[in-house]
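I am opening my notebook on a structure that is new to me.

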Amino acid sequence: MFFGLGGVVGATVAADLLPLFSGAAVGNICDISSRLSRESIALAYPAISVSVWVIALAFAMLAGGIMGLVASYPALRVKEEWFLSMILLVGGETFRIVVTNTPEIGCGFNGLDGITTPFYWLSNYLPSGPLQAEVPTGLYAAVIVLLAIGCFVFAQKICNSPYGRLLKSVRDDKVAAEALAKDVSRVRKQIMVIGSIMAGLAGALYVYYIGVATPEDYIPALTFGIWVMMILGGYANNRGLLLGAFVITMLDRGSLVSGIALESYFPTLNSNLIVYGRYMVEAVILLLLLVFRRKGLLPETRVKTKAYTLFDFGKKNAKPSSQPAEVPPKGDATTG
Amino acid sequence: MTDEPILLVNGISKSFGGVKAVEGVSLSVKKGSITGLIGPNGSGKSTLFNLISGAEKKNPGGSIEFDGKQIDALPPHKRSELGMGRTFQTPRLFPGMTVLENTMVAPRGQKGERPFVAPLRRRWEGQEVELAKKAKEQMTRLEIDKLYGKLTSEISGGQMKLAQLSNALMEDPKMLLLDEPTAGVAPRLAQDIFQSITNERHERGTTFFIIEHRLEVLFKHVDTVFVMHQGRIIMEDKPEAIVKDKRLAEAYLGI
Ligand SMILES: Nc1ncnc2c1ncn2[C@@H]1O[C@H](COP(=O)(O)OP(=O)(O)OP(=O)(O)O)[C@@H](O)[C@H]1O
Ligand SMILES: [Mg+2]
C-alpha cells in the first residue's frame, strides 16, 4: 500500500514538475504527447531532471508517512501481528482497485509512464549503442543500492539503541511497558510511520527504475512477496530481512530471466510456467516456514547498546564486576 | 507517614460478564504508609489493582484520585508518569533481555528513546551509562545484582519478582502497588523483601500498597490492612486488630 502510494505520488509529482520547471505546458499528464515531452525534458535538462527526482522522492516519503499515520489507527486496535498483515494486505488491494478505476489518480488503469531515471541525460554524452541506455540505469541502480544501505544502517542503529529496547518491550508486553510509563500507542505510530516512509521511498525509486507507475504492479502478490521475505530471513533481525529480500528477489528476477531464456531455446515451452511459477514457489516457502520455522532462518538479535557490553553481557555466566565503570567498553557494537 | 491520603478510591466496580470481581470499593491509602490488601483467592484484589493502575477499565461510575488528581480517565502510562508504579502477580518481564536491560527499559525520558535521536549514538550513550549504573545500584539494594547479565528466562520465579520490583523502583515512584511480592520466594527472602520495602519507605518516603498472602510477614511491616471478600472491602484496621477479628477467619474459610 505504502509502496504503491509512493510510486503513484512520485510519478505524478515527476510528471507535473518536469514540464513546469522547464517552462513547457503541463497539459494532461496521461497523454502520449506529454509522455514524450517528459522524456525530452529529462534528456535536455540534467539539473531539472535530478531536482525533480529528489522532490518526487520527498513527496513519496511524505505521502507514505501520512498514510502510515492513518493506517496506524486501525493497526493500533489489533493485537496480533497477523491481523496487522491482513489490514495492510486489504489496504494495499483497496488502493490498487481505487487507482485502477480512478483516471485522476496516476492515470488509473493505464498507469503513468515516461518516468525516466534521473540520469537519463547522460546518454547525450555517450556513444550510441547499448551503453546509452545502460549507463544511466546502472548508475541509478547504484544510487538505489546506496539508499538501501542507508536505510539498513538507519534501521540497525535504531535497533541497537534505547529505542530498540523500547520497541521490543512494547511488542512483547504492552501492559508491562505501560506500567513503566511507556506510551505504547505513540511508539507504535512512530514505527509505523518510519516504516511507511521507507516504503514510500522504495515505491518512488522503483517507479523511476522501471519507468512506469501502474496499478498492476501493486497486486497482493507484492505484499505477500514482502511478507515471505520477512518471514524467510527472520523478522526480528535486520540482516535476516536483507537475506529474505535477497533470496526472494533472486527467485523473482531469476525465474523471469531464465523463463525467457529457456523459451528462446525451446519454443514449445511455455515460459509463463517458469515466470509465474515463482508465485507458487513463494507460497510453498511461506507455508513451509509457517509450519516449521515461524521465526525465520535467523534468530532475533539482541539490542546492543552499552548496557549490553558494559557489564560483559551476552557472555554466559558473566562474572559481576564490582566496578562496572572500569570495565573497558568493548568497542562499538553497532553493525552495518 | 502523614494523615493525608495519596490514593482515594470511591465506589468503583468491575464485572467480567456476570462475575462481579470488584463491587463498590472505596478506600484511602495514606501518603508514606505501607498498606496491606488481603483476602481469599478470587476476592478481587488483583482486579482492584488493575483498576487503580488502569490495566483494566472500571465500570462506569465511581472515581479514583491519586496525589490530588482525578486519574480514572487517564491511560495506564499517564498514571505511571504521575508516580504510580506497580508489579504484577505473575511477573511480567520482557523476554529476550537480561535483567539489567529490563530495568533499563524503565527510566523515562531517555534521549535514545526518541526515534530520530536513537541513530546518533553519541547523543545518548553518556546517559545510557549513567542509567546502567543507577540500575545496577538499584539491583544491589535488592540484592539481585548478581543476576544482571542473566536472561529473564533463566531466573527463578522469586528472582523475577525482585527484578520486577527493581523495574518499578527505578523511577522513584510516589506509590507502588505490589501484587504478592513474595509469592514463590523462599521464606528468608520474603523477610528480606519486606525489609527492603520498609527501608525504601524510610529513605524515599515511598507509599506501598501491597497484596500479600503471607500474613505473618505482612503484618510485621504494615500500618493498615484492608480485607477484601467477594469483591468488597469488609474490614480496615491495624494489623493487631485484624488478626483478632473473627471475620478474617470467616472470609478465608469461605463462610
Ligand atoms: N480477565 C478476567 N476475565 C474474567 N474474569 C476475571 C478476570 N480477571 C479476574 N477475573 C475473576 O474475577 C475474580 C477476582 O479475581 P482476582 O484475580 O482479582 O482475585 P484475587 O483476589 O487477586 O485472587 P488471588 O489471590 O488468587 O490472586 C475471580 O473470580 C476471577 O475469576
Ligand atoms: Mg491476585
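**Entry 1: a helix of chain B**

I began with helix α6 of chain B (residues 187-204), whose 18 residues should span 26 Å at 1.5 Å a residue, and its end C-alpha atoms are 26 Å apart, so the two agree; the expected span is 1.5 Å times one less than the number of residues, and helices are DSSP runs of H or I with at least four residues, strands runs of E with at least two, numbered from the N terminus.

This is a predicted model, in which local features need pLDDT of at least 70 and side-chain atom pairs pLDDT 80 or more, while totals for chains, interfaces and linings use all residues. Residues are numbered from 1 along each chain as written, chains are lettered from A and ligands numbered from 1 in the order written, and side-chain values use heavy atoms, without hydrogens and water.

Just after α6(B), B:Gly205 takes a positive phi of about 70 degrees.

**Entry 2: ligand 1**

I noted that 15 residues surround ligand 1, with B:Lys45 and B:Thr47 among the closest, a residue being near if one of its heavy atoms lies within 4 Å. α1(B) gives the most to this shell, with three residues.
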